[in-house]
Amino acid sequence: MALLVGTSGTAHADDDIDGLSFYRLSSSMTALFSTAQEPESGVRFDGQSQDPDAEPNADVNDGAWRSLLSNPASAGSVLGYADENYNPIAGWINSRMAQSSDSVGYDTLRPSADSGTSALGPRYYAMFGATLNSLGLDSTSTGLSLPIVQPVAGGLVLFLFWSSHIVDALWANIISFLIFLNPFRLFYEGISALNPRFADGMVGGEPPEGALGELAGWFGEWYQILIDITWTVMVPIFVATFALAIMMFQKMDKGGVLKKLVVRLFFIVLGVPLLGSMYTGVLNSLDLASSGGNSGPTRVVLSTFVDFEAWAMQQRLRVPDESLGVYIEWNYDENAPSGRSQASVRDLALVVNAQVLGLPNVDPLGADNDSSWTEKALGADESEFTQTNYAQVSDVMWRYIQNEHISASSFETDVKGELPTGPDSETRSWFDDYIGDPADVVKDGNHSVGVADNPLISVAEDAGLTAGQGGIDRPDHGHHGPGGQDLTDIKILKFTSADGTEDCGVEVVNQSGGPLPCNLSPLAMYNYLNTDFGTSSYTAYSSGKTTSEATRSIHNSVNLVGTGLMSLVYWVHAVVILGAFVIIGFGYAFAMLIGNIRRSFQLITAVPFATLGSISGISKVIVYTIALVMEVVVTIFLYKFVQYFLMSIPSVIEAPIQSALDEEASTDQGILAFLEEGGFITMLVTLVSIIVTVLFVVMAMRLRKTMVKAVEDTSSKLVDDFMKAAVGGGGGGGAGGSKMPGAGPGAKGGANTSMGSSARGGGGANAGGTSGGSSSSSTVSGNVDTDGTLESSSEGEDASGSALGSSDQEREADEQERLGRETEANGLSGDPAATMTDSMEKSNAAHKEANQKRMEAGKEGAEAVGHGVVAAGRGAVGDGAGAVKSAGEAGRHAGEAGTKKSEANRAKKQAGQSTLDGQQGSPKENKKAAQSQQLKNAGAAVSQAGGAASGDVSGGTADAVKGTPKPKGKRKLPPK
């Protein structure tokens, strides 16, 4: 917006007395009111004379002026800037501050005994402006104000606003993306060649297309080759081996051997289609569940910033209905807005913004006492918002960032564009009859259009801004008028808009040419935009004498609600709430996508071995499918849970305090009531909510990893025990998979009883990649060969062995029977809930260890900095040996800090690793740890050398350099 707006004002100054000028009309009406308030001025609104024996002035319409001055909506027309060039007055209520501004105290607006009226409309109008300013709904700045805070504060909120909607869009389409990445779609062509109905069911009737379709064709060819090999080679071997084992071996677990044969055949025929159908079905069913991931960011923004320009230009500051739970009240005792006005200011901003922007289904967030502001803000539905609605909100934030303003001159220009013209128009009379000397203007006989019929200074009857009692009766806080009579006995002044008040915008007259039912008359709105309201007085500025915005205050287009520290608190709260959902939303979404892609690759590499009949490969395919399903289910469930739990945090804080305030409201006593009226309760609740939200975000980011790990550990354990094949981390079904943690005796037993027997040095090669078993005593482990050899002595013995079996084989068979009975009695892997609980406890312990290591790393780092400073100081004073010693200590502590940091990272990584991931450390992290250890040892050595040179043997200890070669060179010994 251009800095200079003096063109319009200068035009006003050059207008003659008959010019159609709001500035000239405002000056005349202000002079009239000021002169009437002046003692013995001879101008009265009731037509009476100072001489009690004199006859009343019949030309003065007492009822018309009383109606105008009693209604704050119209009374604002008499509170502007009185230009002495047109209306030389004594300035009874005005205190000239500068050449172009006047200051008026609110107490001087009480009707005087000489004014002939007891109406409080002008005072209430001014108090309305003071209330809006104190609530932060209206603020002013000069043209010289540098927009430093607005770009930073508004820019961050706008970024989080856009990011929040990106998160909503991401979660609304994330399942569709996972369906596109469905690894089973790669096997569609292969399954379709065998059974098209199975293939369609596996992908939900959506075969892969495009580049993915070409890749699926390549996978299909290889899958068919594997199926052919399986049916022509592997299945006959499996059946023959099973029959041979049944006939030749006396003691064996025939049921276990039969189970493995059935599992192989079942998986070869239905395994991939059945697991694919399960995974695809889960994705399709969760698609609707994820589409409602709306965090209500628009409501958070519109509750923190208010579009004052739209509110003034469209609604003329119409007050929302108090049934919505919003209030605009002034507390005379506190000389500030009432407590409930401050508490509901964000709701008020939201309602105002929703009305002027035309947003659908937006209700105030705090109207329901059973819900907190945050809960209703973030639980709201914005599904009906259009692109235009989001553009409107973005425009509000851009105007705040650019520190745009709204001027009275722009309002006047827009209103003049709506004034009726033509030979029958009375427009000129609306100006001419009310511009002139106060003694002439007050006479109704000089008006061709009456006071109540002039649409520039009046509003329709029973419409517009009203003021009344709000809060508790306090007769001792009365405000007195002429003769000392009590005019009002209220402590809290409540502002409302009368029923029937309409949003007039810049329109002026109705169809019959009369005033409209607006919240403020056009001249009152013009005066408002030329006024800067304070808590005890207001400053009215001249448009005619002001040549630049740099010399006056002008209203901001968009305002941050609250004033002083409260505005900062509200802004931080909005940033924290929006940031929480952005962090959690993106964190959960990308973690789920990355985990899904990783498991998909593992599943794809395991399918070929499973197709060839490898029990270990089959187990891996089952476990990886379960991991894919649970990754999605658990993440979406936790995301919804975190959303609602986060929304409930503030209600836990706000509900007890609000209940206590409600109990004390009837007595108006107690410290809580005092704190509420001062706004301290609102600040306290908001601050506590900010702190708790930040802590919860940290916990929520860890919760997903912990839950997913626990579910994967439990499912892996169950499948492991059922299939009698360990499912470790690493790739697919091939060799080289890592052992599960806690692999125990089963691994040794399986190796000793595999094909070839322990007499020949262990089992044969395992195409399934299984090397080790579970630590559970119920695990029957052993190697799986794809060439048809048996996995353990329970299935058969060495082909070269005797049919009667050796004593070692009999003992092994007895052990297998014992383990089978124990498994039957205790179930698979004992208690799954216990397994999950144990996994979660280990994750929590790892997180705790990581936090502790980080604290220790910080402490060591601080000590390193301290020793470095000491080394520099010693070097500066010439203490070379001492400097060397301190520098060595700095290096030792820096190395220790690096070691602790590596340990913290390792613990954090282990907290999120399940049995499917293995427990190998990162080579990069191991390298950093080794480098830190070397720095630690070198620093200790340098410290010892420096200490020896200076005679100070303290510093690096033997423990610090344990395992490190002693520094070369002779060490000087103290004299005997």
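Me: What makes the link of Cys-504 and Cys-518 a disulfide?

Reply: In this predicted model the two sulfur atoms are 2.0 Å apart, and a pair of cysteine sulfur atoms within 2.5 Å counts as a disulfide, so Cys-504 and Cys-518 are joined by one. By this rule the count comes to one disulfide.

Me: Which parts of the chain does the pair Cys-504 and Cys-518 tie together?

Reply: Both Cys-504 and Cys-518 lie in the loop between β11 (492–497) and α20 (522–529), so the pair ties together parts that are 14 residues apart in sequence.

Me: How do you know that the span of helix α9 agrees with what its residues should give?

Reply: Helix α9 (residues 210–248) has 39 residues, which at 1.5 Å a residue should span 57 Å, and because its end C-alpha atoms are 54 Å apart, the span agrees.

Me: What is the reach of helix α6, and where does α6 bend?

Reply: Helix α6 (residues 149–180) has 32 residues and reaches 45 Å from its first C-alpha to its last, which is close to the expected 46 Å. Its bend, of about 45 degrees, is at Asn-173.

Me: Why is Ile-166 called partly exposed?

Reply: Ile-166, a residue of helix α6, has a relative accessibility of 48%; partly exposed covers what lies between the buried limit of 20% and the exposed limit of 50%, so Ile-166 counts as partly exposed. Although Ile-166 and Phe-586 are 420 residues apart along the chain, their C-alpha atoms are separated by 9.1 Å.

Me: Why is α21 called roughly parallel to α24?

Reply: The axes of helix α21 (residues 565–611) and helix α24 (residues 680–723) cross at roughly 5 degrees and come within 9 Å. Angles under 35 degrees count as roughly parallel, and therefore α21 is roughly parallel to α24. The contact of α21 with α24 has 21 nonpolar, six polar and three charged residues.

Me: Why is Met-397 called buried?

Reply: Met-397, found in helix α16, has a relative accessible area of 0%, and buried means under 20%, so the word applies to Met-397. Met-397 and Pro-151 are 246 residues apart in sequence, while in space they are 9.6 Å apart, C-alpha to C-alpha.

Me: What makes Asn-403 buried?

Reply: The relative accessible area of Asn-403 is 10%, and because buried means under 20%, Asn-403 is buried. Its place is in the loop between α16 (387–401) and β7 (405–406), and its phi is near 55 degrees, a positive value in a residue other than glycine.

Me: Why is Asp-462 called exposed?

Reply: Asp-462 has a relative accessible area of 65%, and exposed means over 50%, so Asp-462 is exposed. Asp-462 is placed in the loop between α19 (438–441) and β8 (465–469), and its phi, near 60 degrees, is a positive value in a residue other than glycine.

Terms used: Residues are numbered from 1 along each chain as its sequence is written. This is a predicted model: local features need pLDDT of at least 70, side-chain atom pairs count only at pLDDT 80 or more; totals for chains, interfaces and linings use all residues. Side-chain values use heavy atoms; hydrogens and water are left out. Helices (H or I, at least four residues) and strands (E, at least two) are DSSP runs, numbered from the N terminus. The expected span of a helix is 1.5 Å times one less than its number of residues. The bend at a residue is the angle between axes fitted to the seven residues ending there and the seven starting there. Axes are lines fitted to C-alpha atoms, for helices over the stretch in contact, and angles run from 0 to 180 degrees between N-to-C directions. Angles under 35 degrees count as roughly parallel, over 145 as roughly antiparallel, 65 to 115 as roughly perpendicular and the rest as oblique. Ala, Val, Leu, Ile, Met, Phe, Trp, Tyr, Cys and Pro count as nonpolar, Asp, Glu, Lys and Arg as charged, and the others, Gly among them, as polar. Buried means under 20% relative accessible area, exposed over 50%, partly exposed in between (1.4 Å probe, protein chains only).
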